[in-house]
Structure formats: structure tokens, C-alpha cells
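Please keep the sequence and the model at hand while reading the numbered points.

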Amino acid sequence: MRLDNKWQLHHTGRWVSDPAATRYLRTIGKQCPAGTGTVTVKHSSDQGRGLFAARDIKKGELVLSEMPLGSCGDDSRVCDECQKFLVGAEGIVSMAVRRRVALPDTPEHSVVQCRNGCGINYCSKACERRSWANHHQALCGHPLYRKLLDYCKGEKHPFKLAIKMSTNTLVRYHIYLTLHPCHDRMAALRHAFRPYVSAERVVWWEGVNENKATVRELKQDVRYVVRHLRAVLKRHIPDRDGVARALFDPVTFSMFMSAYERNNMTVYVASPVHQYAELHPSVPLPDLTKTTCFEPAIGTAYYTLQSCANHSCTPSIEAATPLEAMSARCCLTALRDVRQGEELTISYVDTEQNEAARAEALRDYGFKCTCKRCTREREYS
């Protein structure tokens, strides 16, 4: 695959030793999220990029809070952009019991539909505008896009996130060239990839811990999605310079999938009914035991800074979406005191498991943990 002879990909998905391609990778490799006053991003000694404490942090302190760069899920109850519930506690309870239920002190909620009426809903005009600017403008209105969304349900919902993020890269590329017509395409590509440089990019099916039949199925899924996505994007973004063909090659798209599969975070957004019951325990509610009113919305999201945190089986911070956030906002909280300059780590797996189970779960991430806890447990076993 070629893009104006400036970058090349071998059919296996690995970059070949083309000087321009090497220079491109070296350039984007230097681009890191700057961090906040609490954290900074720099290279770790043995795990690539890492998140480090910019000052002393106390146990229980909020280290950082950030909204996702992209998120998705299958739950029709939430905003397609931020995963916030579209309807408040009063509306959810009323729909569940099929009668009007008045709950005091419940904020009003409004549902904003896509400007083209494609059926995708948002919690606010701001979310609709953000989604439109980032990716939806290139996808909306094509009948194949609805077919793609239906295909990417259930276990395949991470494809929706990859579609959003890869489309955003193409949109950013074309906007940059429009605003800077004198710049070359390499500068535009560097700009387009900048939000995602912290994500590890490897061929998806080369890094998963699955059998050959499952890998074959993954390849078929990628080819199906890429074929339809090309057709959808062609309507709004003509591929005159071959960039879309390069980005949406099955191998390249699989790198997007790998980046989001390895760096995403499962998001649990609490139901407004759950929050209302917590805040107003004295207010009687109808019998909701046979309803889904209290169930959270479950999705997946990619965060710029959280994705920079490396793994440890004795993590120093915890990533979660708190009850009061009511959206896909990620909060990192210190599990112990952390000194300035110390690396901030999270656990990619269940830390209650034994070393063998943790090692098996980490195979999908493509590395073997060598933290002090794993080393000690392996020696004793």
C-alpha cells in the first residue's frame, strides 16, 4: 500500500524501512499529550509511554478527570457522543410503569436528534455539534452506515469506536489541508494522527490471544467493515489522493482496532434512577424490581491521558466513571500516596486473581508482567 511514495506498509502491517516512513514515525512518536498540573506523559523505562506524577499525590486524591476522545455502546438510552442518559429519572420510571410518575427535584432532559434526522440521538446541541464536526458529517445519510451500525452490535461494538476514530482522522486530515493548502500531506497526516499517538498500533489479529478460527473471523469482520465504510465515506470525501484508501485498508484499519482494543476502557454510566434513589432515599418509588431502571449503560471509550497509563498488578491509581459523573467522564484516583516523578499505573486485569490467571488475561495485551508482585509469586510457585 502506498501513499504518494511517502509512506509504505508491508502486507503484514509492519512499517518497512522507507526513509520517509521512518521519519514520519519518529515525528509522531515525539508527540505526547502534555498532561495536566498533576500528571505528565513521558517515556517509561521499559513500557514505552507512561503517566507520571508531576507533584506529590495523597491517597484518595483525584489525580485527573477527562472526557473521552471517543465513546460508543449499544444502549439506545444514552447520548451517542458522551454516553449520558437521554431521559431523567422521572421519565425512565414513568416509561417503566407505563404511567406518569412525578418525582420532585428532577432536572429536565432534552433529546437532540442528528441534524439530518438519521435517528442518532444526543443529550445536548453541544454533543450533536461535536459529533458532527468530528466524524458524523462524513458518515450520516448513507444507507450503508445504518447497516454498519446494525452489524457492529453486541460483541462487535468496538468496531463502532474504530469507525468513529478512523473517520475523525480522515476528517482532520482534509480540514487541515483546506486551512493550510501550502502544507504537504505528511504535515496533514501528522496533525490528523496527533490525538491518537499514545495508542499502540499493531495488527489486531497478531496481538489477540485467540485460536485460528477466531482470528479468521476477526479478519472477515474487518474486511466487511472496511468495504462498507469505504463506500459510505466516498459520498462525502472523494479519495483523490489515495489517503482514504490507505487509511481504510484492512491491515491499517486493524491497527485502529488494535489501538482501541488495547487502550480503551469499559464505561459504566449509572442510571439516573440509581442516582435519584441515592440522593432522595425518603422519596417512595414504584415497584421497579422487574424493570431495568437501575441498570447502568455499558459502553467503551478511549481517553487521551488514561490510555497512557501502563499496567501493574499493584497499581497506584484506579480508573472509574463515578456515580455523580452521569456520563463517560473518567476519573483517576490515587490508591496510595505517590511521590513526584513516580510512574502512575493502573491494572488491566482483576488484581484478585492469581499470577497464572493474570498472565493469561494479559496475553491479549501482548506482554508478560514483570512487576514485583508477579515476580515474587512466580518464585514462590
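1. The model is predicted, and local features need pLDDT of at least 70, side-chain atom pairs count only at pLDDT 80 or more, while totals for chains, interfaces and linings use all residues. Residues are numbered from 1 along each chain as its sequence is written, and side-chain values use heavy atoms, with hydrogens and water left out.

2. Strands here are DSSP runs of E with at least two residues, helices are runs of H or I with at least four residues, and both are numbered from the N terminus. Two strands pair if DSSP finds at least two bridges between them.

3. Within that order, strand 4 (residues 49-53) and strand 14 (residues 343-346) pair in the antiparallel sense over 2 bridges. Phenylalanine 52 stands opposite glutamate 343 in strand 14.

4. A salt bridge requires a side-chain nitrogen of Lys or Arg within 4 Å of a carboxyl oxygen of Asp or Glu, and the count by this rule is 16. One of them joins the side chains of aspartate 56 and arginine 339, at 4.0 Å from N to O. Aspartate 56 lies in the loop between strand 4 and strand 5 (62-66) and arginine 339 in the loop between strand 13 (330-334) and strand 14, so the pair ties together parts that are 283 residues apart in sequence.

5. A further open sheet has 3 strands in the order 5-13-12, and its pairing is antiparallel. Strand 5 and strand 12 (317-320) are the edge strands, each pairing on one side only. Strand 12 and strand 13 pair in the antiparallel sense over 4 bridges. Isoleucine 317 stands opposite alanine 334 in strand 13.

6. The axes of helix 2 (residues 89-97) and helix 11 (residues 272-279) come within 8 Å and cross at roughly 110 degrees. Axes are lines fitted to C-alpha atoms, for helices over the stretch in contact, and angles run from 0 to 180 degrees between N-to-C directions. Helix 2 and helix 11 are therefore roughly perpendicular to each other; angles of 65 to 115 degrees count as roughly perpendicular, under 35 as roughly parallel, over 145 as roughly antiparallel and the rest as oblique.

7. Which residues meet where helix 2 and helix 11 touch? Ala89, Ile92 and Val93 in helix 2 meet Pro272, Val273 and Tyr276 in helix 11, contact being heavy atoms within 4.5 Å. The residues of this contact divide into 6 nonpolar, no polar and no charged. The nonpolar class holds Ala, Val, Leu, Ile, Met, Phe, Trp, Tyr, Cys and Pro, the charged class Asp, Glu, Lys and Arg, and the polar class the others, Gly among them.

8. The axes of helix 4 (residues 143-151) and helix 8 (residues 212-236) come within 9 Å and cross at roughly 155 degrees. That makes helix 4 roughly antiparallel to helix 8. Among the residues in contact are Tyr145 and Lys147 of helix 4 and Asp221 and His228 of helix 8. By class, this contact has 10 nonpolar, 1 polar and 3 charged residues.
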